[in-house]
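Subject: Structure handover and what turned up in it

Hi,

Here is the structure I promised to pass on to you. Please have it open while you read the notes below it.

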Amino acid sequence: MAQGVLVVGDVMTDIIVRPEGPVVPGSDRRAEIRNRPGGSGANQAVWLAWAGVAVTFAARVAAADKGFYENYFRGLGVIPVLAADRDLPSGVLVTILDPSNERSFLTDRGANLNLCADDLPDDLLDGIGLVVISGYSLFAPTPRHAVRALLEKARLRQVAIAIDPASVGFLAEIGPGNFRAWVGEADWLFANESEAEMLSGEADHEQQMRRLGEQFTYVVIKRGRFGASLGGKGGIALNRPAPTVDVADTTGAGDAFAAGFVAALMRGEPQDVCLESGIVSGAKAVQVLGGQPG
């Protein structure tokens, strides 16, 4: 089986804001503000390359930024397939961290909104064993059309498919039933607890697994500091705890988890090892600022 991974998702600049205290309406608050490269798909691609996986990343950026991003991704071992947008700027995400490191997001997806079928040619699937789709690519009509066409091509070529829902806020906006219909059947689902609850309509963890397993062959639910679980229509098959670490920033932890899991999967490791590898990668991610390896 081909061992390359194709990731389709957003390129963003993450602006991370850590106020010293509560924001004061109409006045000032000191804050630590940092810029980092980000975007769920970009994060996954970089973490996969960091783990030694042959990874191609398809996305859309502002025309003026294309050369910069191509050099950036190549320097990290990722093969970039980036389309140039002459109308919209590259995406920007503002992350505001509260004292407990809980995150709130303000998102301008920019050029990502114009990802189109021409940006995802058939030969992207050559040598690919797994396609990883970030849910952000399904939340707007133009990229959704392009990604759904790519998924059909992957199915025809018997290339495995993994879906990361990416945003519970956008899932609520477009409707979980619509999202599931757009995705169709797939081999893997990587969801956090909130996404799993929304997509399944179930509050119980076991029932979430069973319900989602009706559509996805394997379901992985990321549970933050509680670790992660894996199962399917038969229910929970594996549970693994997370290590206790000092948390600097949880941005991109789920992306790192998915990449760690997929890297082990592509090496042919058993599922328990894949789950543990995902947890280890997620734990590494929360110890650095930003969503990519420090």
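First, the ground rules. This is a predicted model, in which local features need pLDDT of at least 70 and side-chain atom pairs count only at pLDDT 80 or more, while totals for chains, interfaces and linings use all residues. Residues are numbered from 1 along each chain as its sequence is written, and side-chain values use heavy atoms, with hydrogens and water left out.

Helix packing

Let me start with helix H5 (residues 176-183) and helix H6 (residues 193-200), which pack at an angle of about 90 degrees with their axes 8 Å apart. Helices (H or I, at least four residues) and strands (E, at least two) are DSSP runs numbered from the N terminus. Axes are lines fitted to C-alpha atoms, for helices over the stretch in contact, and angles run from 0 to 180 degrees between N-to-C directions. H5 and H6 are therefore roughly perpendicular to each other; angles under 35 degrees count as roughly parallel, over 145 as roughly antiparallel, 65 to 115 as roughly perpendicular and the rest as oblique. On the H5 side the contact (heavy atoms within 4.5 Å) is made by Pro176, Phe179 and Arg180, and on the H6 side by Met198, Leu199 and Ser200. By class, that contact has four nonpolar, one polar and one charged residues. Here Ala, Val, Leu, Ile, Met, Phe, Trp, Tyr, Cys and Pro count as nonpolar, Asp, Glu, Lys and Arg as charged, and the others, Gly among them, as polar.

H5 also packs with helix H3 (residues 141-156), at an angle of about 45 degrees and with the axes 9 Å apart. H3 and H5 are therefore oblique to each other. From H3, Arg144, Arg148, Leu151 and Arg155 meet Ala181, Trp182 and Val183 in H5. The residues of this contact divide into four nonpolar, no polar and three charged. Two of these names come up again: the charged end of Arg144 sits over the ring of Trp182, 3.7 Å from its centre. The criterion is NZ of Lys or CZ of Arg within 6 Å of the ring centre and within 35 degrees of the ring normal.

Aromatic rings

There are 15 aromatic pairs in the structure. Rings of Phe, Tyr and Trp (its six-membered ring) pair if their centres lie within 6.5 Å; planes under 30 degrees apart count as stacked, over 60 as edge-to-face and the rest as tilted. Trp188 and Phe190 have ring centres 6.2 Å apart and planes at 15 degrees, so this pair is stacked. Trp188 counts as buried at 6% relative accessibility, and Phe190 is buried at 2%; the classes are buried under 20% relative accessible area, exposed over 50% and partly exposed in between (1.4 Å probe, protein chains only).

Trp188 also stacks with Tyr218, with the ring centres 4.5 Å apart and the planes at 25 degrees. Because Trp188 lies in strand S10 (residues 186-192) and Tyr218 in strand S11 (residues 216-222), the pair ties together parts that are 30 residues apart in sequence. Tyr218 is partly exposed, at 32% relative accessibility. Elsewhere, ring pairs link Phe57, Phe68, Tyr69, Tyr72 and Phe73 into a cluster.

Asp14 may interest you: it lies in strand S2 (residues 12-19) and is buried, with a relative accessible area of 1%. Leaving aside neighbours within four places in sequence, Asp14 is in contact with residues including Arg34, Arg36, Leu93 and Thr251.

Helix H1 (residues 40-50) is mostly covered, with 10 of its 11 residues buried. Asn43 and Trp47 are among the buried ones, and both are in contact with Gly252. Gly252 is found in the loop between S13 and H8 and is buried at 6%.

Finally, which residue has a positive phi of about 55 degrees although it is not a glycine? That is Gln158, in the loop between H3 and strand S9 (160-164), and Gln158 is exposed at 74% relative accessibility. Ala166 is not a glycine either and has a positive phi of about 80 degrees; Ala166 sits in the loop between S9 and helix H4 (168-174).
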